[in-house]
Amino acid sequence: MATAVEDRAETAPRFAPLLGRFALAGVVAGAASGLWALVVTERAIAPALALEEARGSGHDHGHEELVSRSTQLVGGFLGTVFAAVVFSVVVAAVYAAVRHRLPGRTDAGRAAVLAAIGFGVFALLPAVKMPANPPAVGDPGTVGTRTAIYIAVLGAGVVTALLVSAMVGTLRARGLHPSAVAAAGVLATVALVAATVLLVPDNPDAIGADVPAAVVWDFRLASLGQLAVLWTTLGLTAGYLVDRLARRG
Amino acid sequence: MTSAQHTRTRTAPAIAVPAWAWALALLALFALYLVAQDDGAVLASAGDLAHEFFHDARHSLGMPCH
């Protein structure tokens with residue numbers, strides 16, 4: 001039973017099988033958040049589309065016939081799955097690179113930590129700086145500017161995560177008390193998030209007077225919930241699968 | 001518990017990340033950019049169709065749209 005002892009010792013999985021586990025978790029996370037999209041987010045999109053119709057011309061998308069509404073529902077689901085799989089492939093590479101530095105004694109714990117950081121960078125920070133807008137909000141003329149702002153916010157989030165984790169690692173290596181390290185980490189995060197919110201330009205679009213606040217906020221919360229389902233499912237599922245992989249050796 | 005065992009339970013061994021993994025991650029992000037952000041600038045007319053097809057996903061994932 002020599003192998004039984006080895007099984008208990010933690011081994012580093014090779015990258016290829018790790019990537020496979022993450023990609024599978026990405027499909028599961030995409031399906032879960034895609035279902036959320038169909039059941040919750042689409043219900044928040046419907047009144048916004050009704051507003052667009054009521055305006056008559058709408059925007060460029062108004063020439064609906066290119067893709068029917070029901071096809072767009074399918075696209076909403078598949079697009080969410082696709083995004084989740086893309087995230088899972090990126091997170092797999094990052095996870096493998098930083099696994100030995102992540103807090104947590106098991107892969108399940110470490111994957112949950114990394115997924116929480118991913119949610120913070122790719123969902124929570126954009127939601128604070130540049131909340132999602134439903135159809136009926138958005139000036140086609142500013143889409144380039146808004147895309148640049150969105151990418152700048154994501155970049156600032158990645159830089160924040162890297163700087164804070166580097167700082168926490170350095171302070172911990174110097175033997176600082178864990179509570180002092182945690183306090184320093186929180187302060188640095190708050191400072192960098194505040195700098196991002198203050199320094200990155202705001203979304204230039206005004207919300208039309210004909211768009212009720214409830215339509216906008218129902219949509220924003222549904223969108224944030226969808227991303228929360230995506231990242232939670234990704235972290236927990238990948239953690240479970242990679243944990244089993246690592247234990248198997 | 002010996003110190004060797006102690007170390008092993010505290011820090012996980014590092015994993016070697018092959019270069020192709022980063023290339024794949026970048027490619028995946030670029031593909032997501034194409035279906036999510038692009039208004040047909042790169043994919044031309046096929047972009048219009050993809051843009052409309054993924055319209056709801058783009059909105060619901062919080063990405064800028066039209």
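## Helices α5 and α6 of chain A

Which residues in α5(A) meet which residues in α6(A)? In this predicted model, α5(A) contributes Val153(A), Ala156(A), Thr160(A), Leu163(A), Val164(A), Met167(A), Val168(A), Leu171(A) and Arg172(A). Their counterparts in α6(A) are Val181(A), Ala184(A), Gly185(A), Ala188(A), Thr189(A), Leu192(A), Val193(A) and Thr196(A). By class, the residues of this contact comprise 12 nonpolar, 4 polar and 1 charged.

The geometry of the pair can also be described. Helix α6 of chain A spans residues 178-199, and its axis comes within 10 Å of the axis of α5(A), with a crossing angle of roughly 160 degrees. Because angles over 145 degrees count as roughly antiparallel, α5(A) is roughly antiparallel to α6(A). The crossing in which α5(A) passes α6(A) is right-handed.

## Annotated transmembrane regions

An unreviewed UniProt entry carries the annotation "transmembrane region" for residues 18-39, 73-98, 110-128, 148-168, 180-201 and 221-242 of chain A.

Two of these spans may be examined in the model. Residues 73-98 of chain A are 100% helix and 0% strand, and the end C-alpha atoms of this span lie 37 Å apart. Residues 221-242 of chain A are likewise 100% helix and 0% strand. Here the end C-alpha atoms are 31 Å apart.

## Domains of chain A

The domain assignment divides chain A into domain 1, made up of 2-137 + 208-248, and domain 2, covering 139-206. A distance of 20 Å separates the C-alpha centres of domain 1 of chain A and domain 2 of chain A.

The contact between these domains takes 13 residues from domain 1 of chain A and 15 residues from domain 2 of chain A. On the side of domain 1 of chain A that touches domain 2 of chain A, there are 8 nonpolar, 2 polar and 3 charged residues.

## Contact between chains A and B

Chain A also meets chain B: 49 residues of chain A are in contact with 38 residues of chain B. On the side of chain A that touches chain B, at least two residues are supplied by each of α2 (15-55), α3 (69-98), α4 (107-129), α5 (143-173) and α7 (213-248) of chain A. The largest share, 15 residues, comes from α3(A).

In composition, the side of chain A that touches chain B has 28 nonpolar, 15 polar and 6 charged residues.

Definitions and conventions. Residues are numbered from 1 along each chain as its sequence is written. Chains are lettered from A and ligands numbered from 1 in the order in which they are written. This is a predicted model: local features need pLDDT of at least 70, side-chain atom pairs count only at pLDDT 80 or more; totals for chains, interfaces and linings use all residues. UniProt positions are given in the numbering used here, feature names are shortened, and annotations may be inferred rather than shown by experiment. Helices (H or I, at least four residues) and strands (E, at least two) are DSSP runs, numbered from the N terminus. Two residues are in contact if their C-beta atoms, placed from the backbone, lie within 7 Å. Ala, Val, Leu, Ile, Met, Phe, Trp, Tyr, Cys and Pro count as nonpolar, Asp, Glu, Lys and Arg as charged, and the others, Gly among them, as polar. Axes are lines fitted to C-alpha atoms, for helices over the stretch in contact, and angles run from 0 to 180 degrees between N-to-C directions. Angles under 35 degrees count as roughly parallel, over 145 as roughly antiparallel, 65 to 115 as roughly perpendicular and the rest as oblique. A crossing is left-handed if the near helix is turned anticlockwise from the far one by less than a right angle, and right-handed if clockwise. Domain bounds come from an automatic or database domain assignment.
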